[in-house]
Amino acid sequence: MIMHLRSLAAVTLIVATALAASAAHAQQKSEIALSRQPGIFYMPSHIMEKQKLIEKHAASLGVTGVTTKWITFSGGGAQTDALLAGGVDILNTGTGNLLLLWDRTRGGVKGIVATSAQPMTLISRDPNIKSIKDFGPTDKIAVPTVKVSTQAIVLQIASAEAFGADQWSKLDPNTVQLGHPDAYAALANPKHEVHNHFSIPPFTFLELKNVPGAHVVLSSPDVMGGPLSQAQFFTTTKFAEANPKIIQAVRDATKEAQDLIRSDTKQAVEIYKEITGDKTSVEELLDLLKEPGMMEWNLEPQGTMKFAAHLFKTGTLKTQPKAWTDYYLPVAHDLKGN
């Protein structure tokens, strides 16, 4: 769920070039392009799209005529590339994406607000894999993007805890890049070489229900010691400075969408199904949202500083943030994040 990194030097060059080009796109805009990934993590964005909440809140702030275009990408790499190239204005994706872009751009990309912090779950259909210590060199683990997606980084943190601090990358060679729908399909195919998937809802529950032998190896709250923001809105600081009322509208729209999920979960699920085409029944999705951790819809970032500390320790981040507010815009600084 982050850009494809061939080398740090290549990324630095790409970022510098893209940010220079994006300056032309940063002026005040009325047509806003936003991106997200598949999955119920992104349900606030589906509500915002259906009910035109950004448009509504922008108008209440005096910015009329705003339109939004929502684009779905299978992984964060394509999203971050699109942001830096000026193809989209605002992303809704994972903590790893935000931190690495904040670091690479020297603060030129920052968060707006978090949207969700549901658990991620490492699932296996291999009966011999009961814990992280059971993975052999040929056991492949599907993640959205190898090495630097949120799932891949949580796997690194778990490896450091299981094998020793210097072994944080021990399972990196096991990871393969698959979007969540493709990873689910792989697990459901008994002939496919990928037997393991670091999954997100609803794929977590679909796999446990429909894939013979599927079972939980570990979950992100176990590794992180609590919830980890898995989706948040972020953008370039150039866009934010040129469009402060749009940034405020995104925060206000996100809160309204989260409030709807809590107050009328059935309506929220119906909107999610309509926008995504998810064939899971309303009843099943409502049951899913009753599972532990599934109602973590909060504006404040959760668990991100532990995540950042790992990335800095391993050299992935060159700058260690002193607080989560370093990589979030002032619109969020009143929140009690971590």
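1. Basis. The model is predicted, so that local features are described where pLDDT is at least 70 and side-chain atom pairs count at pLDDT 80 or more, whereas totals for chains, interfaces and linings use all residues. Residues are numbered from 1 along each chain as its sequence is written, and side-chain values use heavy atoms, with hydrogens and water left out.

2. Overall form. The protein contains 14 helices and ten strands, where helices (H or I, at least four residues) and strands (E, at least two) are DSSP runs numbered from the N terminus. Its radius of gyration is 19 Å, close to the 20 Å that the globule rule gives for 338 residues, so the protein is as compact as a globular protein of that length; the radius is taken over C-alpha atoms, and the rule is 2.2 Å times the number of residues to the power 0.38. Along the principal axes, the C-alpha atoms fill a box of roughly 60 × 50 × 35 Å.

3. Among contacts (heavy atoms within 4.5 Å) with a separation of 6 or more, residues 24 or more positions apart account for 78%.

4. Charge. There are 32 positive and 32 negative side chains, and the centres of the two sets lie 4 Å apart. Lys and Arg count as positive and Asp and Glu as negative, while His and the chain ends are not counted; the place of a charge is NZ of Lys, CZ of Arg, CG of Asp or CD of Glu.

5. Nonpolar cores. A nonpolar core is here a set of buried Ala, Val, Leu, Ile, Met, Phe, Trp, Tyr and Cys residues joined through side-chain atoms within 4.5 Å. The largest has 90 residues, of which Met 43, Ile 47, Ile 90, Ile 112, Phe 233, Ile 246 and Phe 307 touch the most other members. Helix H11 (residues 244-263) contributes the largest share of this core, eight residues. A second, separate core of eight residues includes Ala 142, Ala 183, Ala 186 and Val 211. Which residues does Ile 246 touch, not counting residues up to four places away in sequence? They are Ile 32, Ala 58, Val 63, Val 66, Ile 90 and Phe 239.

6. Helices H2 and H4. Helix H2 (residues 43-50) is mostly covered, with six of its eight residues buried, namely Met 43, Pro 44, Ser 45, His 46, Ile 47 and Met 48. Helix H4 (residues 76-85) is also mostly covered, with seven of its ten residues buried; these are Gly 76, Gly 77, Gln 79, Thr 80, Ala 82, Leu 83 and Leu 84. Just after H4, Gly 86 takes a positive phi of about 85 degrees.

7. Ala 268, in helix H12 (residues 265-276), counts as buried at 0% relative accessibility and, leaving aside neighbours within four places in sequence, is in contact with Met 43, Ile 47 and Ile 261. Leu 311, in helix H14 (residues 304-313), counts as buried at 1% relative accessibility; with neighbours within four places again left aside, Leu 311 is in contact with Leu 99, Ile 153, Thr 316 and Leu 317. The C-alpha atoms of Leu 311 and Gln 156 are separated by 9.6 Å, although these residues are 155 apart along the chain.

8. Backbone details to inspect. Most residues other than glycine have a negative phi, and most peptide bonds are trans. Lys 52, in the loop between H2 and helix H3 (53-60), has a positive phi of about 50 degrees although it is not a glycine, and Lys 52 is exposed, with a relative accessible area of 51%. Arg 106, in the loop between helix H5 (95-104) and strand E4 (109-116), has a positive phi near 55 degrees and counts as exposed at 81% relative accessibility. A cis peptide bond, with omega about 0 degrees, joins Pro 201 and Pro 202; Pro 202 is in the loop between strand E8 (194-199) and helix H8 (203-210).

Terms used: Buried < 20%, exposed > 50% of the residue type's maximum accessible area, 1.4 Å probe, protein only.
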